[in-house]
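Me: I'm new to reading protein models. Could you take me through this one step by step?

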Amino acid sequence: MSDLVIFFLLFAAVAIGWFLGRRSPASPLALSSYFTGRRAALDPPADIANDPLLDDLPENVGGTQLRLAQGVRLRRRGEVAGAVRIHQDLLAGAGLPADDAAQAQLELARDYISAGLLDRAEELLLALVQDFPRQRQAARRHLLEVYEIERDWRRAIEVARGMLPHKLLRQGNSLEAPPERGQRAARLLAHYCCELAGEERIAGNLQAARRLLLEALFRDPQCVRASLVLAQVEFDAGRYRQAATALRRVRGQDADYLPETVDMLRKCYAALGDGKSLREYLLESLAARPTPALVATVAEDMAQVEGDAVAADFLAQQLPGHPSLGGLLRLMGLQSAASRGAHQADIRLLEGLTQRLLASRPAYRCGHCGFAGKHLHWHCPGCKQWGSIKAVGGSDTP
Ligand SMILES: [Zn+2]
């Protein structure tokens with residue numbers, strides 16, 4: 001074979017190799033350097049884990065960040081056993097820098113949470129909180145996830161208190177200038193206090209429940225739930241004036257929740273023998289922020305106190321400006337009660353149809369993920385956010 005032919009074959013081999021290299025998946029070595037270059041911009045590995053190139057990489061190849069990202073990607077795909085194996089192997093390896101070891105430990109704890117092995121996750125996370133300041137806040141967030149699943153509100157409160165900045169811990173929050181930092185922790189803490197207060201109330205420990213609710217309001221003055229549960233506690237204790245005060249606080253916290261307060265307010269004022277104050281409060285609220293739900297609520301109150309005819313007149317005036325299926329249904333109910341014969345049968349038919357329409361619609365919706373349902377959940381079953389669910393359109397419920 002002549003030198004020229006040999007040279008030609010070598011040239012062709014290099015060219016084909018170059019061409020195939022461009023088309024085939026990146027080699028582990030190339031991936032490794034690729035990710036090393038991106039590490040500064042995309043740390044932590046959770047960001048890198050979105051890259052589908054990781055699927056072509058064997059498990060035991062690559063640097064620590066690359067393998068962490070690979071574990072995260074496996075967990076996201078539901079392959080938790082593979083993620084656990086990668087993170088355990090990393091931790092078992094010799095000479096892993098402390099920061100990388102802490103990161104691997106955090107990811108392993110997250111694997112355990114995904115697998116439902118909450119005790120193991122808790123053990124790893126508590127160790128991180130204790131020993132690794134840089135991972136402390138992230139470890140606490142995942143600890144809260146564990147305690148929420150276990151409904152262990154005492155421990156959740158303890159951890160959330162640890163997440164508050166020192167200044168906030170001493171001074172509480174304020175409606176005028178809520179500080180950004182720690183605000184989320186304060187909101188969570190308030191909900192955990194409400195959960196535990198609810199349990200204490202059911203157990204008859206009203207004083208303990210009251211203390212927890214006052215802490216909830218101190219941490220998050222806008223916590224509507226704390227006002228509602230506090231009202232229940234005060235009502236149970238026969239302190240109707242204090243219960244009404246707690247309920248009336250809701251309008252300033254978030255007026256969308258005002259309809260949630262009316263049933264209990266009615267009971268409080270009935271116990272106090274003061275129906276006039278309820279009516280004044282409702283009309284004042286309606287003037288300040290008219291919503292279909294409030295129109296229906298005021299009509300309900302009028303029907304009870306002044307009779308169906310007055311309530312029907314009020315609804316007939318208000319519904320054109322604040323139309324709602326709930327209000328319409330209430331009006332038809334009032335009119336059918338006052339009618340006779342064929343006219344009454346016609347109204348009842350319409351009433352039944354409207355009822356079916358209303359039954360098919362959700363009463364509450366999460367502002368974060370859109371989860372919809374018939375009941376008010378303080379912890380969204382869809383996205384696990386706290387306090388993100390409200391009545392639809394200021395409530396269209398009857
Ligand atoms: Zn949600």
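Me: Is Cys-369 buried, partly exposed or exposed?

Reply: Start with the scale: buried means under 20% relative accessible area, exposed over 50%, and partly exposed in between (1.4 Å probe, protein chains only). Cys-369 comes out partly exposed, at 39%. Cys-383 is partly exposed too, with 22%. Keep in mind that this is a predicted model, where local features need pLDDT of at least 70, side-chain atom pairs count only at pLDDT 80 or more, and totals for chains, interfaces and linings use all residues. Residues are numbered from 1 along each chain as its sequence is written, and side-chain values use heavy atoms, leaving out hydrogens and water.

Me: Which protein donors does the zinc ion have?

Reply: Donors are N, O and S atoms within 2.8 Å of the metal (3.2 Å for Na, K and Ca); water is not among the atoms, so sites may look incomplete. Here they are the SG atoms of Cys-366, Cys-369, Cys-380 and Cys-383, 2.2 to 2.4 Å from the zinc ion. Their spacing along the chain reads C-x2-C-x10-C-x2-C. Cys-369 sits in the S1–S2 loop and Cys-383 in the S2–S3 loop, so this pair ties together parts 14 residues apart in sequence.

Me: And in what order do the strands lie in the sheet?

Reply: Strands (E, at least two residues) are DSSP runs numbered from the N terminus, and two of them pair if DSSP finds at least two bridges between them. This open, antiparallel sheet has three strands, ordered S2-S1-S3. S2 (372-373) and S3 (389-391) are the edge strands, each pairing on one side only. Three bridges link S1 (residues 364-366) with S3; Tyr-364 has Ala-391 as its bridge partner there.

Methods
Helices (H or I, at least four residues) and strands (E, at least two) are DSSP runs, numbered from the N terminus.
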